[in-house]
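Visitor: I am new to this structure. Could you show it to me, and then take my questions?

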Amino acid sequence: MVKSTRPVETNARTPVSTFRQAIQVQKKPERRDPRFSDISGGVLNEGLYEGGYSWLGDLREQEEKQLKQEAKKLRSAKRPEVLERREEVHQQLNEYKQERTGRKTIETRGKKAALSQ
């Protein structure tokens, strides 16, 4: 009989064992957004929200006025660089217009839902 110090021969068709981690890796803490978490307050106070972010509406209005003034200046432009800028300004103005109409529809839906309750 032969000594058993040599490696054992195994069949190639036997399934390989599953991967196991030799070192335990610590799990990263789960990140959460407090705006959408029930842990951080739950119910949205719309009056408080509107009061805290009222400056955004003023900022949008100022930017829109500046863009309209710039669009007036760029109206009669012929150079290619100025034409590109004019396109950018018109695109931004259209985005502001779409945002405004979107906010209005959301507000009217909210009012209708409040009235139906």
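Visitor: Which residues lie nearest the centre of the second largest pocket?

Guide: This is a predicted model, where local features need pLDDT of at least 70, side-chain atom pairs count only at pLDDT 80 or more, and totals for chains, interfaces and linings use all residues. Residues are numbered from 1 along each chain as its sequence is written, and side-chain values use heavy atoms, leaving out hydrogens and water. A pocket is an open set of points on a 1 Å grid over the protein atoms alone, where a 1.4 Å probe fits, with protein on both sides within 12 Å along at least five of seven lines; lining residues have an atom within 4 Å of a point. Here 11 residues form the lining, and those nearest the centre are P34, R35, F36, L44 and Y49.

Visitor: How many charged residues are in that lining of the second largest pocket?

Guide: Asp, Glu, Lys and Arg count as charged; Ala, Val, Leu, Ile, Met, Phe, Trp, Tyr, Cys and Pro as nonpolar; the others, Gly among them, as polar. The lining of the second largest pocket has 6 nonpolar and 4 polar residues, and its charged count is 1.

Visitor: Which element gives the most to the lining of the largest pocket?

Guide: About 900 Å³ of space lies in the largest pocket. Its 20 lining residues include Y49, E50, R60, R103 and E107, the closest to its centre. Helices are DSSP runs (H or I, at least four residues), numbered from the N terminus. Two or more lining residues come from each of α1 (46-52), α2 and α3, and the most, 8 residues, come from α3.

Visitor: Which residues is R60 in contact with, leaving aside neighbours within four places in sequence?

Guide: Contact means heavy atoms within 4.5 Å. R60 and Y96 are 36 residues apart in sequence, yet 8.0 Å apart in space, C-alpha to C-alpha. With those neighbours left aside, R60 is in contact with Y96, E99 and R103.

Key: Points joined across faces, edges and corners; volume = space filled by probe spheres on them.
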